[in-house]
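This report describes a protein model for a reader who is new to structural work. Please keep the sequence and the structure in view while reading.

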Amino acid sequence: MKYREVIPLKQRPDWSVTLPGSKSITNRAFLCAVLANGKSRIFGALESDDTKVMLEALKQLGIGVEEKSDHIIIDGRAGGMDSFNLELNLHNAGTATRFLTALMVLRNGETIITGDKRMQDRPIKDLVEGLRQIGADIEYLGNEGCPPLRILNSQFSIFNKNEYLIKMKGDKSSQYFSALMMIGPILDRSLKIEVIGDLVSKPYIDITLATLKQFGIEVKNENYQSFIIEPQTYQATDFYVEGDASAASYWTSIAFLHEGKVEFTNLTKKSIQGDIGYEETLIRQRQGIVNMEDMPDVAMTLAVTAPFIDGGTKITGLSTLRIKETDRLAALEAELKKIGVKVSTTKDSITVNGVPRRRDWPIAPSGNISTYNDHRMAMCFAVVGTKLPGVVIEDPDCTEKTYPNFWKDLELAYLSPIKLGKKNLVLTGMRCSGKTRYGKMIAKFLNREFVDIDDEIERQKNMKIPEIVKRYGWPRFREVEQQICSQYYDVQNLVIATGGGVVLDEKNMKSLKKNGVNIFIFSDPNEIINRIGKKSQTRPSLTGKKPEEEIFDIWKERRDLYLKYADVVWDNTSGEVLEESIDNIFLV
């Protein structure tokens with residue numbers, strides 16, 4: 001899809017999510033397995049564009065990789081790799097680029113490391129300079145300080161008879177330090193890494209240390225000012241990847257903003273990931289100033305949550321966001337302004353003013369939300385869309401980079417348990433949203449009678465809807481629709497699917513909601529058009545245009561009405577998640 005609209009929640013969400021495996025842990029585990037001697041099994045690894053890039057690169061290096069249904073086997077050779085000239089295109093995978101740059105100094109042969117246009121603008125100079133300090137032969141092939149790189153056979157140099165020594169600035173990326181730590185045990189002497197200044201993103205160093213430990217490697221951490229790695233042997237192992245705590249932040253914010261709750265099946269408070277502290281940070285956000293230097297990825301989630309909280313929020317310690325997939329601070333500022341938020345940035349901070357009252361928001365965003373080919377921008381503004389109508393995400397598929405099932409998991413957030421009692425279940429929504437299909441399924445599950453308002457109109461008038469409209473026009477059809485709806489004012493224990501335009505008449509909704517719970521089934525208009533194109537056309541046009549051409553006009557007219565009358569909102573854009581979940585929604 002080129003665009004995807006996110007629909008606001010009306011209910012308090014209560015759901016559970018199985019998160020994708022942590023990208024940070026997955027890539028570290030892959031590299032440690034390569035450096036071990038023997039076969040390691042990696043369970044729960046993230047399957048995404050970024051990790052696929054890493055695995056493909058390992059295969060190109062001659063490393064044995066076997067992908068099973070529930071784990072990945074990597075046949076390590078204690079750092080040994082085939083000797084030949086090779087070019088690795090790592091696209092926009094920053095973690096793979098940094099880790100493999102360090103790894104390639106261990107192999108014989110020429111290695112070219114390159115990537116897409118954005119990667120060729122992303123800095124790697126500090127890591128390259130660090131590797132050069134111990135004799136690595138690395139050349140820039142494009143812009144100074146950025147990929148592409150040529151790495152040749154390295155002759156490691158000992159300037160101190162006892163150890164290799166690297167001194168490196170700590171203000172750019174902790175991944176530079178992680179990359180060096182992971183190759184350290186393979187060297188023939190001790191490696192000491194000294195940090196110049198303060199080290200950013202220390203929790204990611206902790207992830208590296210914890211991962212190394214599970215592969216039998218110990219690192220001496222001198223208060224994050226220096227690290228000493230002795231020559232050691234990696235041990236092949238079975239490794240279990242936690243759910244991604246950065247990904248959890250989106251669901252945590254949605255639960256927070258809607259006073260709901262979410263549980264994660266594969267992530268606990270004992271996680272080795274620093275981002276596990278995001279929920280606590282949401283509480284601290286009310287204090288006005290929050291330092292997120294140790295959690296830069298989830299700082300973005302915090303920034304898009306802040307507009308819905310009273311007062312202003314200043315988030316500091318974000319210098320690394322300037323050099324990610326995009327300049328994330330600039331991107332957040334530009335897109336938050338589209339939804340009417342007052343926001344400003346500095347080189348390492350963002351200040352967001354809250355707009356807590358609905359009337360203070362613009363009627364709709366001033367434009368679609370640009371994602372800059374950045375997965376986190378798409379996922380962050382999905383959080384916004386659960387609160388604010390009209391949020392349309394450009395290039396939603398960019399989430400494939402780290403969270404391929406993100407949009408399906410978002411649909412799960414709408415499927416909280418419902419207790420109907422004897423009330424009718426009333427389904428509203430656009431044509432082809434699934435009202436009749438799921439209405440019949442729900443009626444069968446609840447052992448209730450199913451009523452389709454359009455079918456009732458045709459039955460009682462003994463005439464098809466196109467014929468009614470052709471003979472008498474749409475106004476007369478709406479009168480008939482209102483008469484039929486009024487018949488269910490005092491009826492109970494039904495499942496009722498309505499026509500798409502039922503919300504246009506307040507009397508209809510008054511009759512249907514008297515003894516009913518109204519669920520608005522949403523599907524993105526682009527998906528509605530796709531479904532209409534696959535069906536034979538049985539409904540007359542409302543505007544004289546082809547149905548697939550008038551959908552956006554109809555949606556614009558009706559969106560606020562669907563939301564106004566809805567007690568519950570479901571997102572059925574995928575056409576899969578709702579169907580798989582019907583049996584678990586209703587409390588009987």
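## An enclosed helix

Helix α5, which spans residues 174–183, is largely enclosed by the rest of the structure, because 10 of its 10 residues are buried. Among the buried residues of α5 are Tyr176, Phe177, Leu180, Met181, Met182 and Ile183. The buried residues of this helix also include Ser174, Gln175 and Ser178. At the start of α5, a side-chain oxygen of Ser173 comes to within 3.1 Å of the backbone nitrogen of Gln175.

## The protein as a whole

The model is a predicted one. The protein contains 19 helices and 25 strands, and its C-alpha atoms fill a box of roughly 95 × 50 × 45 Å along the principal axes. The chain has 588 residues, and 58% of them count as buried. The protein exposes about 24200 Å², of which carbon and sulfur atoms supply 45%.

Side chains of opposite charge can pair when their charged atoms come close. How many salt bridges does the structure hold? The structure holds 35 salt bridges. One of them joins the side chains of Asp50 and Lys401, with a distance of 2.7 Å from N to O. This pair links distant parts of the chain, since Asp50 is in helix α2 (residues 49–60) and Lys401 is in the loop between β20 and α12, 351 residues apart. Are these two residues buried or exposed? Asp50 counts as buried because its relative accessibility is 4%, and Lys401 also counts as buried, at 8%.

Another salt bridge is formed by the side chains of Arg437 and Glu579, again with an N to O distance of 2.7 Å. Arg437 lies in helix α13 (residues 435–446) and Glu579 in helix α19 (residues 577–585), so this pair ties together parts that are 142 residues apart in sequence. Arg437 has a relative accessibility of 48% and therefore counts as partly exposed. Glu579, at 32%, is likewise partly exposed.

A further salt bridge connects Glu458 with Lys464, and its closest N and O atoms are 3.6 Å apart. Glu458 counts as buried because its relative accessibility is 14%, whereas Lys464 counts as exposed, at 56%.

## A network around Asp297

Salt bridges can also be linked to one another. Which residues are linked in a network of salt bridges? The members are Lys23, Asp50, Asp297, Glu325, Arg328, Asp374, Arg376 and Lys401.

Leaving aside neighbours within four places in sequence, Asp297 is in contact with Tyr204, Ser246, Asp275, Lys324, Arg328 and Arg376.

Most residues other than glycine have a negative phi, and most peptide bonds are trans. Some places in this model depart from that pattern. Pro147 and Pro148 are joined by a cis peptide bond, with omega at about 5 degrees. Pro148 is found in the loop between β8 (137–140) and β9 (149–152).

Where does Tyr372 lie? Tyr372 lies in the loop between β19 (350–353) and α11 (375–385), and its phi has a positive value, near 60 degrees. Because its relative accessibility is 35%, Tyr372 counts as partly exposed. Asp395 also has a positive phi, near 50 degrees, and is placed in the loop between β20 (391–394) and α12 (406–412). Asp395 counts as partly exposed because its relative accessibility is 31%.

Methods:
Residues numbered from 1 in each chain as written. Predicted model: local features only at pLDDT ≥ 70, side-chain atom pairs only at ≥ 80, totals over all residues. Heavy atoms only, no water. Helix = DSSP H or I, 4+ residues; strand = E, 2+ residues; numbered from the N terminus. Buried < 20%, exposed > 50% of the residue type's maximum accessible area, 1.4 Å probe, protein only. Areas by Shrake-Rupley, 256 points an atom, 1.4 Å probe, with all protein chains shown as cover. Salt bridge = Lys/Arg side-chain N within 4 Å of Asp/Glu carboxyl O. Polar contact = N/O pair within 3.5 Å; in protein donor to acceptor, adjacent residues only side chain to side chain. Contact = heavy atoms within 4.5 Å.
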